[in-house]
Amino acid sequence: MASKSSNASLMPWLGIAFLLILADQFTKVLIVGAYELGHSHAVTSFFNIVRVHNSGAAFSFLAHAGGWQRWFFVGLGAVATGFIVWMLRQHGGQRLFAWALSLILGGAIGNVIDRLVHGYVVDFLDFHWAFLSPMFPGGHFPAFNIADCGITIGAALLILDELRRVRRG
């Protein structure tokens with residue numbers, strides 16, 4: 001059983017993950033309520049709000065796999081959640097590392113909630129630039145959401161934390 005101090009040091013990190021989940025789910029509720037599937041609204045010359053459903057993973061990986069991927073990604077999210085909570089319990093004092101894990105945790109849970117509730121992830125942030133045209137149709141980077149932002153920022157912080165660790169060692 002974990003000590004009280006271990007659980008106490010875990011709470012701020014779980015709080016960060018929880019706030020990310022709330023922001024993610026709140027924005028998705030707004031999008032689902034305001035937009036039909038595929039509809040978009042231009043915000044700037046390079047940014048749209050659009051409603052897209054992604055039954056796959058990043059960049060729609062496995063989106064057309066026949067349905068089994070929903071439960072695979074839910075299971076993967078559950079395993080990742082358990083592992084991240086364990087890591088936070090072990091390394092909660094390493095601030096940058098714990099921030100990274102908290103953001104990844106919140107993002108992963110946010111997208112798992114979508115898969116459980118809808119069977120797909122609701123994406124809505126659509127950035128597009130002409131220089132992306134060789135890689136993406138019309139220069140549109142694949143749409144994403146707040147959970148994906150948390151996962152991406154968390155991954156970048158993990159890399160930064162490791163680079164700092166290597167430089168010290």
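**Close-ups of a predicted model**

View 1. Three strands make up an open sheet in the order 1-2-3, with antiparallel pairing. Strand 1 (40–42) and strand 3 (121–127) sit at the edges with a single partner strand each, so one side of each has no neighbour in the sheet. Ignoring direction, neighbouring strands here are turned by 20° against each other on average, going by axes fitted as lines to C-alpha atoms. Strands are DSSP runs of E with at least two residues, helices are runs of H or I with at least four, and both are numbered from the N terminus; two strands pair if DSSP finds at least two bridges between them. Strand 1 and strand 2 (residues 47–54) are joined by three bridges, and H41 has I49 in strand 2 as its bridge partner.

This is a predicted model, where local features need pLDDT of at least 70, side-chain atom pairs count only at pLDDT 80 or more, and totals for chains, interfaces and linings use all residues. Residues are numbered from 1 along each chain as its sequence is written, and side-chain values use heavy atoms, with hydrogens and water left out.

**View 2. Two ring pairs from an aromatic cluster.** F46, F47, F127, W129, F131, F136, F141 and F144 form one aromatic cluster. Rings of Phe, Tyr and Trp (its six-membered ring) pair if their centres lie within 6.5 Å; planes under 30 degrees apart are stacked, over 60 edge-to-face, and the rest tilted. The structure has 10 aromatic pairs. F46 and W129 have ring centres 5.9 Å apart and planes at 15°, so they count as stacked. F46 lies in the loop between strand 1 and strand 2, and W129, 83 residues away, in the loop between strand 3 and helix 4 (146–168). F47 and F127 make a tilted pair, 4.6 Å centre to centre with 35° between the planes. This one links strand 2 to strand 3, across 80 residues.

**View 3. F97 on helix 3.** F97 belongs to helix 3 (residues 95–117). The C-alpha atoms of F97 and D161 are 6.1 Å apart, though 64 residues separate them along the chain.

Definitions and conventions
Axes are lines fitted to C-alpha atoms, for helices over the stretch in contact, and angles run from 0 to 180 degrees between N-to-C directions.
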